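Thanks for coming, everyone. Please take a look at the model on the screen, and then I'll walk you through it.

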Amino acid sequence: MAEDILHEVTSADYKYGFTTDIETDIIPIGLSEDVVRIISAKKNEPEWMLEYRLKAYRHWTTMTMPDWAHLNVPPINYQSISYYAAPKTNGPKSLDEVDPELLKTFNKLGIPLEEQMALSGIAVDAVMDSVSVKTTFKEVLAEKGIIFCSFSEAVEHHPDLIQKYMASVVPVSDNFYAALNSAVFSDGSFVYIPKGVRCPMELSTYFRINASNTGQFERTLIVADEDSYVSYLEGCTAPTRDENQLHAAIVEIIVMKNAEVKYSTVQNWYPGDKNGKGGVYNFVTKRGICKGENSKLSWTQVETGSAITWKYPSCILQGDNSSAEFYSVAVTNHHQQADTGTKMIHLGRNTRSHILSKGISAGVSNNSYRGLVRVGAKAENARNFSQCDSLLLGDKCGAHTFPYMEVNNETAIVEHEATTSKISEDQIFYCNQRGISTEDAVGLIVNGYAKEVLNKLPMEFAVEAQKLLAITLEGSVG
Amino acid sequence: MLQIKDLHANINGKEILKGLNLTVRPGEIHAIMGPNGAGKSTLSSVLTGNPVFDVTHGEVTFLGKNLLELAPEERANEGIFLSFQYPVEIPGVSMVNFMRTAINEQRKYRNLPPVSATDFLRLMREKKELVEMDNKLANRSVNEGFSGGEKKRNEIFQMAMLEPRLSILDETDSGLDIDALRIVANGVNKLKSPENASIIITHYQRLLEYIVPDFVHVLYDGRIVKSGDKTLALELENKGYDWIKQEVEGK
Ligand SMILES: Nc1ncnc2c1ncn2[C@@H]1O[C@H](COP(=O)(O)OP(=O)(O)O)[C@@H](O)[C@H]1O
Ligand SMILES: [Mg+2]
């Protein structure tokens, strides 16, 4: 399959770089308590939500940007960003009322919002800048008691659930970007799967930054009640712009007893140009908790975009016999930088975690894996296996591995393996000699290297991800 | 089908091929022998377009085309196949995927649609049998963890799959036991046709007992200094290369 897909790939450029010409309600740049109040007011939020935001904002003002990652982050002026931008088309609504420009935009991105045309078996929440534009298949899902809506709608219609679970995994004080997000977050998705329900289709949120000089701060909350199952996908793109754009998101996942959540991301924010100009700063806090016994959480990520990525999808294994996985492919080319990995916090007995990280670096990029495995004192028989591989294309890029282990229970078994390899000129020439072009050879080798992770993605995304890997690395060898 | 005229080639500024001439016509088998370091592998690299070598002078035409202007993959798709002296391992890429990609690239080059799954599997099975290749090898990553002999056999398998017009075997016989040698020779002989040709680089006469060459050439210090029929191979094996050196230097 890989080779058919690779053949389709013809353009070396970021093909999602267009902008949509749509009237946007955008607030002036700058951040203050007043701005937080304006955002809350624009969203007609209840008092408790405003209080939460203000608490986060006040805490944020006491914090500084983290500097421990292996990243070179230029100073960011948080007063030069606009914290709210909404296409002028108030909130999710029936399709007839959605601005045709928006429909066109999402069609162009391959995300048709007309249900009859939609990707079969996938319900989509489409978020542009600060608001959710449209959520498909809501009614079908509602019949099973599944809630899938924008975060704003959830605040309005399911305040009990939001109050109960929001910030229960990522508290406002967790880190600088999480605090910032908690203060100014705009929209995102909310998912609730009731007890005993297997979600009949993939749920997905598609994030799109459009307006310039704005940050995107979305929040996703997924609650899988006992004995339930859901597979969730997240995709993202942004226009080509010369200035850097900030994206600071939070994803929280709560998995109850015997429930299972699969969360997959194909991250393709604009990476900047070949000289490192522009691109999205992707500073994201993703964490889940396996709260109940036998619960299961799986993170799969394919990270190809963004100028800078700072992201560690993590899991707290609280329930006995719970298990978690982290499967990651992170590609950096040109001047991109990524510091990504996971934290597996084993608290319950017989908890299992598996980490598979595949880094691919090209150009003058830097790609780091950073992972923490912590085994608490009560986590009898906890088990972790981590495999971290790095693939280098060229000799001007960097690959680094920073594994941390804190084991406080002697029955635990924690294993870590790491490899570094290179695509050599000999390998490329060998492929060339069999009639395979250099671009296709790189695609073939890279997809072969990443296939264990790509195989974890739902079919439609796996195809997309394979193409993306090839495109991202075009021109990186030879 | 192949004309090489006064070919000079460098690596890192050092001249390795120093005015090489060779003509290969359809249906012919040419053996090239010569001492280590003479430039035999360099010749195969230059013909297949390995970018580490610079051609500084000379002409090469293949089936009427200027070969030196073509990219390595174009030369391959024009029908030139090299059985590498040192085949390369490509971890993570299955032989199946690799071969299907190669076959489809070739078909695309010839304006043919991609091969169907059933046709491809049939072809794989047929050619595996031809070179008596283990099923296990075909399911593994390209050359990864293959023994020396398995790698060589895999080269011949790929040659059989791609059915080249001109195949260049660079010491494919080195390190092979007599059974493997017979299989390799068998693979080459099966491909022999009035349209196809082969260049066989070898140190040993014994391969030439299985694959009978029409011409034997001696490559020495970047040039073909002597050509003859199959008896030359025997003579070289008996007498070594010193007399050639003397002949060349005496001139
Ligand atoms: N990659 C290389 N870098 C530098 N010198 C090389 C390289 N490959 C071959 N050579 C040199 O070119 C000459 C010819 O080598 P080669 O063509 O491999 O000889 P043969 O195959 O006839 O034994 C030798 O002197 C060898 O050292
Ligand atoms: Mg050699």
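Let's start with a term. A pocket is found on a 1 Å grid over the protein atoms alone: it is an open set of points where a 1.4 Å probe fits, with protein on both sides within 12 Å along at least five of seven lines, and its lining residues have an atom within 4 Å of a point. Grid points are joined across faces, edges and corners, and a volume is the space filled by probe spheres set on the points. The largest pocket here holds about 510 Å³ of space.

Quick housekeeping. This is a predicted model, where local features need pLDDT of at least 70, side-chain atom pairs count only at pLDDT 80 or more, and totals for chains, interfaces and linings use all residues. Residues are numbered from 1 along each chain as its sequence is written, chains are lettered from A and ligands numbered from 1 in the order in which they are written, and side-chain values use heavy atoms, with hydrogens and water left out.

Back to the pocket. Its lining has 26 residues, and S41(B), T42(B), S45(B), Q85(B) and D170(B) lie nearest the centre. Which element gives the largest share of the lining? Helix 1 of chain B, with five residues. Helices and strands are DSSP runs, H or I of at least four residues and E of at least two, numbered from the N terminus. Chain A takes part too: helix 9 (425–433) of chain A supplies at least two lining residues, as does strand 2 (14–24) of chain B.

Now the magnesium ion, ligand 2. Its protein donors are S41(B), through OG, and Q85(B), through OE1, at 2.0 to 2.3 Å. S41(B) sits in helix 1 (residues 40–48) of chain B, while Q85(B) is in the loop between strand 6 (80–83) and strand 7 (90–94), 44 residues apart. Donors are N, O and S atoms within 2.8 Å of the metal (3.2 Å for Na, K and Ca); water is not among the atoms, so sites may look incomplete.

S41(B) is partly exposed at 26%. Buried means under 20%, exposed over 50%, partly exposed in between, with a 1.4 Å probe and protein chains only.

Last, the interface. 22 residues of chain A contact 32 residues of chain B, where contact means heavy atoms within 4.5 Å. F429(A), Y430(A) and R434(A) supply 33% of the area that chain A buries against chain B. Buried area is the accessible area (1.4 Å probe) that two parts lose on being put together, summed over both.
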